[in-house]
Amino acid sequence: MSTPMERAVVLRSLSCTPLVCTRFFSRSSHNLLTRLSPLPKRHRSITNLHTRSLLRHHLRAISTSSTRPSIQLRKHFSSLSPRAIATPPTQPSPEVVGADDDVAKKLGFEKVSEEFIEECKSRAVLYKHKKTGAEIMSVSNNDENKVFGIVFRTPPKDSTGIPHILEHSVLCGSRKYPLKEPFVELLKGSLHTFLNAFTYPDRTCYPVASTNSKDFYNLVDVYLDAVFFPKCVEDFQTFQQEGWHYELNNPAEDITYKGVVFNEMKGVYSQPDNIMGRITQQALFPDNTYGVDSGGDPQVIPKLSYEEFKEFHRNYYHPSNSRIWFYGDDDPTERLRILSEYLDMFDASSAPRESVIKPQKLFSKPVRIVEKYPAAEGGNLEKKHMVCLNWLLDDKPLDLETELALDFLDHLMLGTPASPLRKTLLESGLGDAIVGGGVDGDLLQPQFSLGLKGVSKGDIQKVEELIMNSLKKLAEEGFDSDAVEASMNTIEFALRENNTGSFPRGLALMLRSVGKWIYDRDPFEPLKYQKPLMDLKARIAKEGSKAVFAPLIEKFILNNSHLVTVEMQPDPEKASRDEAAEREALNKVKASMTEEDLAELARATHELRLKQETPDPPEALKTVPSLSLNDIPRKPISVPTEVGDLNGVKILQHDLFTNDVLYAEVVFNMSSLKQELLPLVPLFCQSLLEMGTKDMDFVQLNQLIGRKTGGISVYPLTSSVRGKEDPCSHIIVRGKAMSGCTEDLFNLVNRILQDVQFTDQKRFKQFVSQSKARLEARIRGSGHGIAAARMDAKLNVAGWVGEQMGGASYLEFLKDLGKKVDEDWDGVSSSLEEIRRTLISRNGCLINLTADGKNLTNSAKFVSKFLDLLPSTSPVESATWNARLPLTNEAIIIPTQVNYVGKAANIYDTGYELNGSAYVISKYISNTWLWDRVRVSGGAYGGFCDFDTHSGVFSFLSYRDPNLLKTLDVYDATGDFLRDLEMDNDTLTKAIIGTIGDVDSYQLPDAKGYSSLLRYLVGITEEERQKRREEILSTSLTNFKEFADAIDAVKNKGVVVAVASPEDVEAANKERSDFLEVKNVLD
């Protein structure tokens, strides 16, 4: 799901974009601990989930590095952001108890085992339901963010995508909740802190979370009824809508495929990294369930029958085949009571035997696979190849000690920019960016994957040899002691900090436990890391790191014949060939039909669309449980903030319990920077962290950061400010450390800002190549973000600045910069120095600190020293940034089977004045009109709208959309939808409560302090927050109808940006003459 703090400060993005193939193609510095909390391969789309703060996500934070993540399009800074080790924010005592044993027996449960888990300060009890054999982990502690999840083992036999389609479909109505989509009703009107579903290659998870007990149990009941008694097994149209169907509007037209999952997976199969991930998994596991795609291959999905779909649910969605998880401060007896009502309706089943995942036997010799991927037409294909080496590490699951040692090894080899294997590959110049996720243990058997993309065909073998030789060298020579110390500190810091970001801690724990439990292993063991970690640490101290890690490299990689090498070759004709093959198949289908058949198909198409677009009756809507406005606090959540002054610099301090961690942000004003230097800022930020100083190379600097802190990040941030033309624009240095290392943290920040030398031409050239590769991947996979940034750049200055540092314009800049680095490195280096001279100054600096009062007081002397060392240049007048992109409709063409369609306008220009009701209205439009018309009826994976209250830009966006002009027509009809809207009090109340849920998002202490900083920067006062909340709570139907006039500005004056296929753009320009100006940014 979403990554930490995107709810507070993320560039507009689809917060639910599937995390497809993270195992293979998401190399990050925290890979070690994502192992502790496996992320799903793909999951249900919450296409309208907005950021949960009045700031929303219009503060643009630009990615500067792929390794120490700064705020990116979907995530914020965290050097190592574990999503697994959950410790409640307070420290409960071991006296936390579970349900009474006698009560449990009366409810039909027997206690299997019970433990107090010190690592998460929780009492955990494993129960078995006597009648069905269902297993339940009941975890009790003082965490108010309660979590429930039910998981089924769901191994597919083919690539028709049954588990994925079923995951979507069971949430489309059930026995007790007989409406079209209870899931959407929960999105509209609950206080959930998490609401989603995940499809893994071998299991399907349905988790929810909430801090409100009444709301939590409502969510639990809806989900239990959905998985056990879904309408979809009796309603063929739900299968058609979520899976696939033939669509024919009238017999004279062509037949097309439609279906939410079908189009989602078309998008997945348009992205080279995802294609490689799927090929790799299937080649590593040819003989078991991982040899097919649980998400569905678009060429195979139409082979799925409704009978097979129903049978899969009947076989696997049974209590006997489930693992159920509860976590938090709710009543453990109530948990069992709720479960017994459902589980007692079933008898035992043979599903657990039928769903067992069989291990893959190891190969006797390596395998090589060469495949094509869709590349842009007319581009330079020379450096567009990809190669990845992949090992299946064992023919059976590993013990916890070996897993931990392999994870530690993985972090040492690849976890940071200074890690030797990572550094060697990138410095080789053989490729632009790393592919392969290193060690991964999401599935029954662990794997190791590593390679490069952006490789010349003639260098493929060189890459393979370099990987093998580098691994041999590491086995022979071992690791630097400073590197081992840095990794150990990074891991221990992360475990102690427990920062799961916006991901509920209980869910992180659940995913970690289920990762072993689902294979009939001990669910407690993955939660207890302290002893194995201390044992590993002691063993390294006694035997040396080489004695610990060299045998692992040799056994599991170098001497392992189960090696699959995947080479991907660019093919500019593949996308059009795939489209032609689909069209030919559909033409054959139509040719085989009689006139009566075609008339019946057209009738069925109309009938399905009518059902999709017909609202649920009020009596059905009333079945979904909801809160009342009386359950909602009248005041916003406040963050303790003390504004002071130190050495002439503004200091913001937030006295919060942080488990002895100090969180710090150092903010510099960017408004005086010359306009032509703006595109260099992201690379300037990366250079500060990944180049050396006069007396320390970047490896030593990186290791020092790892040894002394929890991580440091540097990134630019921009936002419009309501009522002002000039944007809020800053560079933020973000760091964290245990309180005892506060001095080290500020010393390191000073060293990074002032001592780093911009002299390493070769390394800077790597940064350019890496940034270009990342942005190209983003255009293909997250085109809605590119479209949103492009529209903003046409409508306001802040948008233009952000697009120069992270959009299509930035990609064009990077292409030219690569040449300039070769031809005029002195000029580039001097520009980087000019940025430093302009930005790094005590004047305009601001410090934000989050910790408990004692540590805030103790930090003052170190902050004072840091400020004294900053240059005190005289204030420079703000630069004039007048630029905006031309207000023309654009299409950015990419090789894709689906589109990303945007349209936006500034509604403040119409005279609209902000009212809190706008938050309710925009959320409602996304959850009703756009969900029904763009997703359900239109077949897109997502459709949503967004109102940037800082700039006034109201935008519509779609995601993995088979349409283009049809989607724009839906956008243009939104005003009429609002004018014709009728809404009863219950519906309005749900909309208000859902919006408050967004505003009152659950945040960990660091996020609270950071959100307070952002509000300060853009001038949002506590008085304004209270005013907006009152306006939200008093929203009326009249507000909806009045908003229609404002939103018509998008219809009448809006600008369109689509990231789309050449064929769909050509068709659009034929239908509406020269409607879209065509732009090709991919090579």
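Guide: A polar contact is a pair of N or O atoms within 3.5 Å; within protein, one of the two must be able to donate a hydrogen and the other to accept it. The model is a predicted one. In it, a polar atom of the Ser294 side chain lies 3.1 Å from the backbone oxygen of Tyr200. Ser294 belongs to the loop that runs between helix H9 (272-284) and helix H10 (306-316). Its relative accessible area is 2%, so Ser294 is buried, the cut-off being under 20%.

Asn498, in the loop between helix H16 (481-497) and helix H17 (505-517), has a positive phi near 60 degrees, although it is not a glycine. Asn498 counts as buried because its relative accessibility is 2%. Asn659 lies between strand S19 (649-655) and strand S20 (661-669), and its phi is also positive, near 60 degrees. Asn659, at 22% relative accessibility, counts as partly exposed.

Elsewhere, six strands form an open sheet with mixed pairing, in the order S26-S27-S25-S28-S24-S29. Asn906 stands opposite Val953 in S27. Helix H33 (residues 965-972) packs on this sheet, where it touches S25, S27 and strand S28 (1055-1060). The direction of H33 makes about 30 degrees with that of S25.

Technical notes:
Residues numbered from 1 in each chain as written. Predicted model: local features only at pLDDT ≥ 70, side-chain atom pairs only at ≥ 80, totals over all residues. Heavy atoms only, no water. Pairing = 2+ DSSP bridges. Helix = DSSP H or I, 4+ residues; strand = E, 2+ residues; numbered from the N terminus. Contact = heavy atoms within 4.5 Å. Axes fitted to C-alpha atoms, helices over the stretch in contact; angles between N-to-C directions. Buried < 20%, exposed > 50% of the residue type's maximum accessible area, 1.4 Å probe, protein only.
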